[in-house]
Amino acid sequence: MRKPSGRVAAFTLLALAGAACDGPPSPVSPSTPSTPSTALASRPLRFPAVAAGAACPTTAPRPWSGPGVAEAVLGDGPVYPVADYFGEGTVLELRAQDRRPDGSYVKKVRWIGAGYRGPVLVRAARIDGRGAATSRFAYTGEERDGGYHAELPSATSDLPGTTTVTGPGCYAVQVDGTTFTTVVVFRAA
């Protein structure tokens, strides 16, 4: 049996010493939603009740002079859907080219964040009958907690997005942040 050369022995000792210093790998802890996100999901929805066939109590647009490009926004903020994407009377106008194979309609609706940084949860629903809705941002966030969750890293945000509805009707969107809750009502036609 041959003895290893000095170089091989030294390399082997160094490798063993390095392995001993590293020790076993530390366990990876699973990621869990942050406490603010969990708190947002537990907030009740504050959608108005609207009887089938009744008038939809839409949110009136308000002039906008804050950050971002918009003539008007909807709601009390500080995260707002841009009203410019809705027709007169806060109507989301449904066109044949907006219709998907499943029968729902997808419309571009941009959002603006002004004066808020942190988690937001956007939940949407039809409030005058059967149907569903979602609102989501295009480049940030994920579906979670019964809606669309995103972290806004800056106090000023321009948020391209889409709103999907199952058809004509009265809809509401609730936006929750750590310091606010706002509800916007619109009609799809």
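Helices (H or I, at least four residues) and strands (E, at least two) are DSSP runs, numbered from the N terminus. By that count, the protein has two helices and 14 strands. This is a predicted model: local features need pLDDT of at least 70, side-chain atom pairs count only at pLDDT 80 or more, and totals for chains, interfaces and linings use all residues. Residues are numbered from 1 along each chain as its sequence is written, and side-chain values use heavy atoms, with hydrogens and water left out.

R123 sits in strand β7 (residues 118-126). Its relative accessibility is 7%, so R123 counts as buried (under 20% relative accessible area; exposed is over 50%, partly exposed in between; 1.4 Å probe, protein chains only). The R123 side chain reaches the backbone oxygen of R43 at 3.0 Å.

The whole structure holds one disulfide (a pair of cysteine sulfur atoms within 2.5 Å). C56 and C170 form this disulfide, with sulfur atoms 2.0 Å apart. C56 lies in the loop between α2 (35-41) and β1 (62-63) and C170 in strand β13 (residues 169-177), so the pair ties together parts 114 residues apart in sequence. The S-S torsion is about 70°, so the disulfide is right-handed. Both C56 and C170 are buried.

Values for the protein:

| Property | Value |
|---|---|
| Buried share of the 189 residues | 39% |

Among contacts (heavy atoms within 4.5 Å) between residues at least 6 apart in sequence, 68% join residues at least 24 apart.

Conventions. Polar contact = N/O pair within 3.5 Å; in protein donor to acceptor, adjacent residues only side chain to side chain.
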